[in-house]
Amino acid sequence: MYYVLLSGGSGKRLWPLSNDARPKQYLKVVNKENNSMERCSMLQRVWEQLGEAGIAEQAVITAGSEQVELIKSQVKEARIAVEPGRRDTFAAVLLSCSWLLKHGASREDYAAIMPVDPYTEGSYFETVKKLEAIMRESGAEVGLMGAAPSYPATKYGYILPGEKKDGWFKVRGFAEKPDEEKAEALLKEGALWNCGVFCVKIGDILERTKKYGVPEDYDALCAAYESLPKISFDYEVLEKAEHLAAVEFDGYWKDLGTWDALADQMSTDTIGNVVLDDTCENTQVINELKMPVAVMGTRDLVVVAAQDGILVADKSQTANVKAIASAFDSRPMFEERRWGTLETLDDTESQGQTTLTRKICIYDGMTSSYHYHEHRDEIWTVLRGTGELILEGTKIPLSQGKAVCIRKNQRHAVKAFHDFEYIEIHVGTSSGNEDINRITFHWDEIELSHIL
């Protein structure tokens, strides 16, 4: 069986840390292990658990192209099925199965689809591994996994159990997020939290390409991806299926989709330069800024200070953060990449001219792509470290205090010999990622341009 981790969405319920450039599954704010002070991202935690379960080699992450570098920076060995656009979970599952078929799977193989960001324990993945056997035994169209509820939650959907079998049960329906009274009634019925895990036969899913007139070949499907409907797998498949089977996961599981849920899993009440005095109760503070944050006399609050904004919220209101964040439509001020980080210091537009100032850090031994810009010049000033710039085939050594100007349409790439940090100023009619024309990511090919 293969395992697909769906990594979509921007996680705006965790604004201001989470955005389109750095979705919630990549934030390094959760405990690496239970009772551990070491922090990691949700993706890194789940990938390590996949390894412990012995299934990481059969796993693939399905994500948009804008997340590829970020994934590689956190899990270098990950295989990635790249989505050419956002079309919701049905299209993502279809694309995932097509990718698996291209990379060695057969139409008779099964794929377990799961979110990339559950906060759970190792037995979760041992339960997922049972889904293939349940599919074969039951003959179900889709196999599901639900978590045994520990309280009548109103923020999760529910799987309604039908006839029970040996180790699994038939599914008689679903319940959307209920009110508290309905949630208590669902628990009495034996309903399970729907944790978004399901198993399908690869060939059965690929048959659905015929309905939409798209090819099942991965590369051709990518080209036709925009013609697929924006619809969830639940609406397109689960609600129309006549025969569903499910297995119960009886262990710890939580969706860290809101700040109150995430705060509960933090190994410390503060991250960053924070003073939280003794008069505070049930308050967590995360500060990514260089300036200090002091909090006094608060109760039941989450405070988050980041380059993209500052959030001060009562924990009972954190489910509404996404609606607040949607009102802000600005460039992400902090981004993580495969090779390092970008921090925007200033972004100004006046009379059709744009200036953008960023601090860029490239990790030891990492390289940028070989690329050029059509609508801007760049001025670099090295702050620390050493590196090498290839500019139109010429090698230029870079070190602290060195400055260089890169003109429009000049091909260039940089490699860090030691952790390398510089200020980059864009001057032109466009700036940022929208004016990048990449030639290659491979340093060997870039160096060949120097030889030629």
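The chain exposes about 20,500 Å², and carbon and sulfur atoms supply 48% of this area. Accessible areas come from the Shrake-Rupley method with a 1.4 Å probe; for residues, only the protein chains shown count as cover. The model is predicted: local features need pLDDT of at least 70, side-chain atom pairs count only at pLDDT 80 or more, and totals for chains, interfaces and linings use all residues. Residues are numbered from 1 along each chain as its sequence is written, and side-chain values use heavy atoms, with hydrogens and water left out.

Of the 452 residues of the chain, 51% count as buried. Buried means under 20% relative accessible area, exposed means over 50%, and partly exposed lies in between (1.4 Å probe, protein chains only). The chain has 12 helices and 30 strands. These are DSSP runs numbered from the N terminus: helices are H or I with at least four residues, strands are E with at least two. The radius of gyration is 24 Å, close to the 22 Å of the globule rule for 452 residues, so the chain is as compact as a globular protein of that length. This radius is taken over C-alpha atoms, and the rule is 2.2 Å times the number of residues to the power 0.38. Along its principal axes the C-alpha trace spans about 70 × 60 × 40 Å. Contact means heavy atoms within 4.5 Å. Among contacts with a separation of 6 or more, 65% join residues 24 or more positions apart.

Empty space was examined next. Rolling a probe the size of a water molecule over the atoms shows where such space is left. On a 1 Å grid over the protein atoms alone, a cavity is a set of points where a 1.4 Å probe fits but cannot get out. A pocket is an open set with protein on both sides within 12 Å along at least five of seven lines. Lining residues have an atom within 4 Å of a point. Grid points are joined across faces, edges and corners, and a volume is the space filled by probe spheres set on the points.

There are 2 cavities of 30 Å³ or more. Strands S22 (353-362), S24 (376-384), S28 (412-416) and S29 (420-428) each supply at least two lining residues. The lining divides into 9 nonpolar, 6 polar and 8 charged residues. Here Ala, Val, Leu, Ile, Met, Phe, Trp, Tyr, Cys and Pro count as nonpolar, Asp, Glu, Lys and Arg as charged, and the others, Gly among them, as polar.

The second largest pocket has a volume of about 340 Å³. Of its 15 lining residues, Ser 65, Glu 66, Glu 69, Arg 337 and Arg 438 are the closest to its centre. Helix H2 (68-74) and strand S20 (334-336) each give two or more residues to this lining. The largest share, 3 residues, comes from H2. The lining holds 6 nonpolar, 2 polar and 7 charged residues.

The loop between strand S1 (2-7) and strand S2 (30-31) contains Gln 25. Gln 25 counts as buried because its relative accessibility is 2%. Beyond its neighbours within four places in sequence, its contacts include Ser 7, Met 42, Gln 74 and Asp 117. Pro 16 is found in the loop between S1 and S2. A cis peptide bond, with omega about 10°, joins Trp 15 and Pro 16.
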